[in-house]
Amino acid sequence: MTDFEPKIVAFLCNWCSYAGADLAGTSRMEYPSNVTIIRVPCSGRMNPIFVLKCLMNGSDGVLISGCHTGDCHYSEGNFYARRRFAVLKSFLGYLGIDPRRFQMSWVSASEGDKWAKLIHELVAEIKEAGPNKMGKE
Amino acid sequence: MKIGVFVCHCGTNISATVDVEEAAAAIGKLQNVKLSVTYRYMCSAPGQELIKKAVREESLDRIVIASCSPALHEKTFRKCAEEAGINPYLIEIANIREHCSWVHKEKKEATRKAIELVKIAVAKVARNKPLKKTYVPIEKKVLIIGGGISGVQSAIDISFAKYPAVIVEREPSIGGKMAQFDKTFPTLDCAACILTPKMVTVSQNKYVTIHTYSEIESVTGHVGDFTVKIRKKARSVDLDKCTGCGACFAKCPVKVDSEFDMRLGKRKAIYVPFPQAVPNVPVIDREHCLWFQKQTCGACKKICPFGAINYEMPDEIIEEKFGAIIVATGFTQFDHSVYGEYGYGKYKDVITGLHFERMANSSGPTGGRIIRPSDGKEAQDVVFIQCVGSRDEQKGVPYCSRVCCMYTAKHALLLKEHNKDAQAYVFYIDIRAAGKNYEEFVKKVQDEYGAIYLRGRVSRIFEKKGKLIVRGADTLSGSQIEIKADLVVLATGLIAQGDAVELAQMLHIPYDQNKLFTEAHPKLAPAETITSGIFLTGACQSPKDIPDTVATASAASVKALGLLIQGELEREPLIAKVNTDLCSGCKACVIACPFRAIEMKEIEDKKLKRKRNAAQVIEGVCTGCGNCTAVCRMAAIDLEGFSDKQIMGEIEAL
């Protein structure tokens, strides 16, 4: 189990979290390479099917990260996302998926350090959750 | 499909951690990838030339650049693609610098991840569609809501550029709160002397239209094309016929407390709020007018030599189109009745700063005498209490109102100027005098005008033998203090107008927990709102003094002019699009859209052979957030540039 390297997909809103991850890069903050970033305009753009599709494709973890509440570039997209994905998360257990595999975070464009720290923690947590067996038969 | 992939070394920024050659070779094997090459600096002129040459020679139709963040060079490469003859939206950027080479050390891992990021971009670009920027026309007129100093200044600035502006003011005259002030800090200019010439200038300006005694009824549309309904309340006096002679209000028998004079003086039922009012045309207060209440009197109509009085005048609703809107609705005073300990309402001689302004004014209700409203005697010992409502999370607002320290200092000075035997005591928490010559002004009031500043709060005010006993703490000396005062002046804070939320909802602009309108960015876009085409100025955004208000008015005007001057608006094509065949007309997207960019429109359903409603995106308004796509149950609405297909393609490529 120790050599398990999880595969994690992160959907980042263009204005806050994507820029926050950019800042982590500009500041040369090292973090594990398990996370692959996909850019979306807003966390509110995220359809639950995107998350489920990742998990069914065998991703071990999925992260959605947007602007802090009140800071959404589109004023309220992250509120929609927060509500929508709180529901999804509560359903994951019912679907037989470890809810730890799906996480949300709020990272601003100035929080490069928060982003790097978050990835360290996320990777550790998904490692604990173990490999996702879905789609790998 | 022929995709060209261009992997940048970025000097050694990428190539030190990512084996770019290995990555390019691996990507070259992907489906649809015709060419995969590397170069030291793709963004440089020779780098872009290399891309253009490759497009020509290999007849590429889509491009992926593996380089730095799209935040840096997406525009550069879109332009490069366009110059190479490819639609600028048929490119994608794989961010292998900020998200890869700079955050990973192990070369093998970084190379693997870089390849994966490029794979995603290749999968996405294969699903991109050629898009075109759109252009929407702009109505070249600005609506200014509020005719205080900020609205007046905005209108003047806009007229300088020879663009038309329309001021809508709900009171019978423009001028706002500033017209009520006596002197202004720290220069002690008389407020009326500097404001009224501006009011006259703006009223005579051929580019400016003023609707006083009017309110905004509704706002629809979007940047460049707002449709606004304005209710012109029945003034009962014909604006065109009236000459402002004043015969009517001289004759009117009804006396009512004057709102302008803070109820310290009287006005008539037909009145102009103050002598320098613009327009200098009276209005009939129908609630108090005998004609409207009892169908008697009619004196004003009889006396008017111009036949300007019209009791039958109805409210009129006019509709106008605007390209931009400036919100300049200002503030209202904090209602300090929550502070029972200060005895406001119970003791006549506890007043607010605005009452003091009116008293100090030589054309005010007391003719410039600072008196006790209870008995009309001149006030000798006056206690000023700062931060009434401000900086009080329990009873008031958490923020500092910014102007109270200064206006209280000014009041202490004016008190002494009006009555050299008077003594001012000021209870304060901190003195906030951050402004040009502000600190010096406060010091002058303390040193030269003998105002006694006491650092502490007042716990109670009560009456004893005709005097107000003000009991408070002086925290600097650590003692309890009691002052026998003739008059207590509360420095009430500045808060949002009572109907600010209503207006914000009408305009679809955000407001904060204090109901103050929120700017697009607190530092870098202070005059804009996130709703394009709507700008903010003055105290409706946050408490401001006059210089700041005037500065923000000019800022908002420049922003509005910058918009109007374009003639038409260029819009990114990365916006939502509805497939009306699939749309069921459930309106979920209409509700989810933060920008009111979706409306329902009747369409001809060819299958059903009848008309039905379907969603339609207003191109000029949609900002491309994609909220609508996620709520659509029919998958009828999609987002260009981040379509379901594109994102699914990215996921599948992982």
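Author: The model is predicted, and local features need pLDDT of at least 70, side-chain atom pairs count only at pLDDT 80 or more, while totals for chains, interfaces and linings use all residues. Residues are numbered from 1 along each chain as its sequence is written, and chains are lettered from A and ligands numbered from 1 in the order in which they are written.

Reader: Why is Pro172(B) called buried?

Author: A residue is buried if 20 or more other C-beta atoms lie within 10 Å of its own, exposed if 12 or fewer, and partly exposed in between, with C-beta atoms placed from the backbone. Pro172(B) has 24 other C-beta atoms within 10 Å, and therefore counts as buried.

Reader: What makes a residue a contact of Pro172(B), and which residues does Pro172(B) touch?

Author: Two residues are in contact if their C-beta atoms, placed from the backbone, lie within 7 Å. Leaving aside residues up to four places away in sequence, Pro172(B) touches Thr212(B), Tyr213(B), Val272(B), Pro273(B), Ala277(B) and Val283(B). Pro172(B) itself lies in the loop between β7 and β8 (183–184) of chain B, where strands (E, at least two residues) and helices (H or I, at least four) are DSSP runs numbered from the N terminus.

Reader: How do you know that β6(B) pairs with β7(B)?

Author: Two strands pair if DSSP finds at least two bridges between them. Strand β6 (residues 142–145) of chain B is joined to strand β7 (residues 165–168) by 4 bridges, and the two run parallel; in β7(B), Val166(B) is the bridge partner of Leu143(B). With strand β18 (residues 324–327) of chain B, β6(B) again pairs in the parallel sense over 4 bridges, and there Val327(B) is the bridge partner of Ile145(B).

Reader: Why is the crossover from β6(B) to β7(B) called right-handed?

Author: The chain goes from β6(B) through helix α6 (residues 149–160) of chain B to β7(B), and this β-α-β crossover is right-handed. The term means that, with the strands pointing away from the viewer, the path from the first strand over the helix to the second runs clockwise.

Reader: What makes both faces of β6(B) covered?

Author: Val142(B) and Ile144(B) on one side, and Leu143(B) and Ile145(B) on the other, are all buried.

Reader: How do you know that chain A is as compact as a globular protein of its length?

Author: The radius of gyration is taken over C-alpha atoms, and the globule rule is 2.2 Å times the number of residues to the power 0.38. For 137 residues the rule gives 14 Å, and the radius of gyration of chain A is 14 Å, close to that value, so chain A is as compact as a globular protein of that length. Chain A has 4 helices and 4 strands, which run β-α-β-α-β-α-β-α from the N terminus on, and 54% of its 137 residues count as buried.

Reader: Which residues make up the contact between the chains, and what classes do those of chain B fall into?

Author: The contact takes 34 residues from chain B and 33 residues from chain A. On the side of chain B that touches chain A, α5(B) gives the largest share, 6 residues. That side divides into 18 nonpolar, 8 polar and 8 charged residues, where Ala, Val, Leu, Ile, Met, Phe, Trp, Tyr, Cys and Pro count as nonpolar, Asp, Glu, Lys and Arg as charged, and the others, Gly among them, as polar.
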